[in-house]
Amino acid sequence: MQSVTKNERGIALILALLITLAVAAMAMGGVMIASSGNLTARFAAKEAALHSLADGGIEIARDSINRVYTILPDTGYISMAPVSTILDAQGGAIPGYTRTVYAGRTGGRTGGPATSGQYGSNFMSVVSVIHDVRGAVAARRGLFSQESWSRFAVAIDNWSGGAVYGCAESISGPFHSNSGLKLQSGCSNPKVGFAGAVTVVGSITNPGSGNFSKGYTTGASALAWPTPAQLGLMQQYARDADVPGGDYDIAGGNTGTNRPCTRLDFAVLDSNNDGVIQWDEGYVRVFRCIAVNERSLAFVNGRRFDSMPAGVGTTATITDDPNLISPNCGNYLGGTFTTAMARYDGWVGTVAAKRDSSRSMLIAAGHRCFLGGDPRLNRALSGDSLLLDSLAVNAGFPTVNQLGGKWIRRRLGAHSSVTTVRNTIAAGGDAEFWIPLGKNPNFKGVIYVTGDVALSGRLRGRVSVVATGNILLQDDFRYWTTPGTDCSETGDIFGALAVGNVIIQDNNLQTPFRSRNVGATTGTGTYRGLWDDTPADENYDMFLLTLNNWAGDITGMPWYNLGPSSPGIPNIAGEQCGGAASGCIRITGGMSMGRVDYWTYYGLSSGNSSGWAEAHSYDVCGASNPPPYFPTTGRYIKSRYYELDPVWLNQTGIDNYFRELQSRWSRQPTSMI
């Protein structure tokens, strides 16, 4: 049989060529993929290097400004590093790159440099631009917030006195001292507790007595303390709120006496009557003495009334019956509050009978004292008339020019949107006295007082009160929202800033006073406590900053390291705290003190004491959203980073870019409430 197989020589060669081509294609693909990956990696590395070097320039600028406290201009910018070679950590030049760094103020959260918003020039922008030899460019902007003194639970500029932190005391947030830190010796169980970081420029006395949960640093850099001139700049922010009025720029007067003529009384009012308290329904009203004399000032401040009626002789003395005819203190008789003055004047009988009638109500259960101007002090008031307004006579008091005070009407008059203010104590026509806070779109959060001023009431909003004299804490001052629970723009926060001192007022609401028993003609009167309507300690929600001292009120000047003016008060039930007869003072917020020379508690060798023990707590909102225009340390901290289009930046120009950053939100509303 014949074979049918054909001759197929050469096909193997073709197959080999095809396989070779396929392998070559795969190899070339691999080379291309590897090359592309290498290029991508090199590009990513180049991009990362550019960004890292740009960020490095931003941080170098921030560090340099913080270390030498470079003063940035209000407008424009400074060139921190004009087209310079970049150095590595060892100081060697990094080849192929140059960097230019600019820095300037860029205003607050809502505006340009100190021209708008509640935060002024508290922000800085640093722009860092990197070039390489092949023309690649990267531009980055760092936004930094200026550190507020309200970030500290306690800050001290000069600790020159002998006061120390005692065993079992505690500081619940960051602590800084521009001088030293003094602890009581021998503390072991318990020690002085520090819950936050501690930085001290000098040294720590008895460091073994402290429990530093986050460590401590001595030899730290000092922070620039605020000056009177800096606080004085805030007057303009108050004036901007109601030009040409004066509701927020107030004449306080009577500077340096611890007996202010003027009090700011804050209140929360449901002004639209919807049953819900909104963030802008906070108000303040002003009470002022009629005459600058002891009787009128004692009434305004709720102090012991150092005046005796004629004829009582030694049967009632200022020492043992200081409030026998007090216009601030009294009792509820038949459901209506009656003052000791009204009781004495209205009682028919002998001087002794009038004296004992007044005493009987002062020592009976239910006795109370109120600050001057409180409507409960005058039972003749109608529902919509405040006590002793600026047009009323000083009704109910013996001599107009010797006693009393008045509520001050708004200088701009009542606005239509607040004439329906509703309040259980005062409403209707009293809207003319309520100065709006959040409802005024021009209000920058600052109330400026020339002289001394006292504080009372309840806050809804964001406010800083600045006084060129002393600030006196007269009674509880609380937020509507719980401190630390709402750090947003709708939360409550308060700053008390004094060129002078911040002082706990020694008055009838916050300290006990003596009263003799009915029928007594000689002997020492008994201390009576619980005169406050909220007697369990004194509570103040605020961040205070004083260029001088934080201390308890005493008699006379200069201070002599005493507590209240009646040392030797025994511990009274309901007014005790850490052995202090007057109870606890609780600041929930932060305390920045220019000096530590005095104290709030004074112990006697007899075992008695006067004054207040301190039991403060820290409000974390002070670090992230400080009170309006609260002074800053001058040190900038990290906030945000932005990547900039280098082409756009080159077209815009660095001059125009900073000009835009500084004026972006400078426009102000013109409406007025």
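Colleague: Asn-625, buried or exposed?

Modeller: This is a predicted model. In it Asn-625 counts as buried, because its relative accessibility is 3%, and the cut-off for buried is under 20%.

Colleague: Where does Asn-625 lie?

Modeller: Asn-625 is in the loop between α7 (621-624) and β36 (632-644).

Colleague: And what does its side chain reach?

Modeller: The side chain of Asn-625 reaches the backbone oxygen of Cys-487 at 2.7 Å. There is also a polar contact of 3.2 Å between the side chains of Asn-625 and Glu-489.

Colleague: Switching to charges. How many salt bridges does the structure hold?

Modeller: 17 salt bridges. One of them pairs Arg-460 with Asp-492, at 2.5 Å from N to O.

Colleague: Where do Arg-460 and Asp-492 sit in the chain?

Modeller: In distant parts, 32 residues apart. Arg-460 is in the loop between β23 (453-459) and β24 (462-467), and Asp-492 is in the loop between β25 (471-479) and β26 (493-498). Both Arg-460 and Asp-492 are buried.

Colleague: What about Glu-59 and Arg-62?

Modeller: They form a salt bridge too, with the closest N and O atoms 2.9 Å apart. The two are about one helical turn apart, because they are three residues apart in helix α1. Glu-59 is partly exposed at 22% relative accessible area, while Arg-62 is buried at 16%.

Colleague: Which residues make the nonpolar surface patch?

Modeller: Ile-14, Leu-18 and Leu-21, with about 320 Å² of surface. Ile-14 is in helix α1 (residues 11-68) and counts as exposed at 52% relative accessibility.

Conventions:
Residues numbered from 1 in each chain as written. Predicted model: local features only at pLDDT ≥ 70, side-chain atom pairs only at ≥ 80, totals over all residues. Heavy atoms only, no water. Helix = DSSP H or I, 4+ residues; strand = E, 2+ residues; numbered from the N terminus. Buried < 20%, exposed > 50% of the residue type's maximum accessible area, 1.4 Å probe, protein only. Polar contact = N/O pair within 3.5 Å; in protein donor to acceptor, adjacent residues only side chain to side chain. Patch = residues over 30% accessible without salt bridge, like charges linked within 9 Å, V, L, I, M, F, W, Y side chains within 5 Å. Areas by Shrake-Rupley, 256 points an atom, 1.4 Å probe, with all protein chains shown as cover. Salt bridge = Lys/Arg side-chain N within 4 Å of Asp/Glu carboxyl O.
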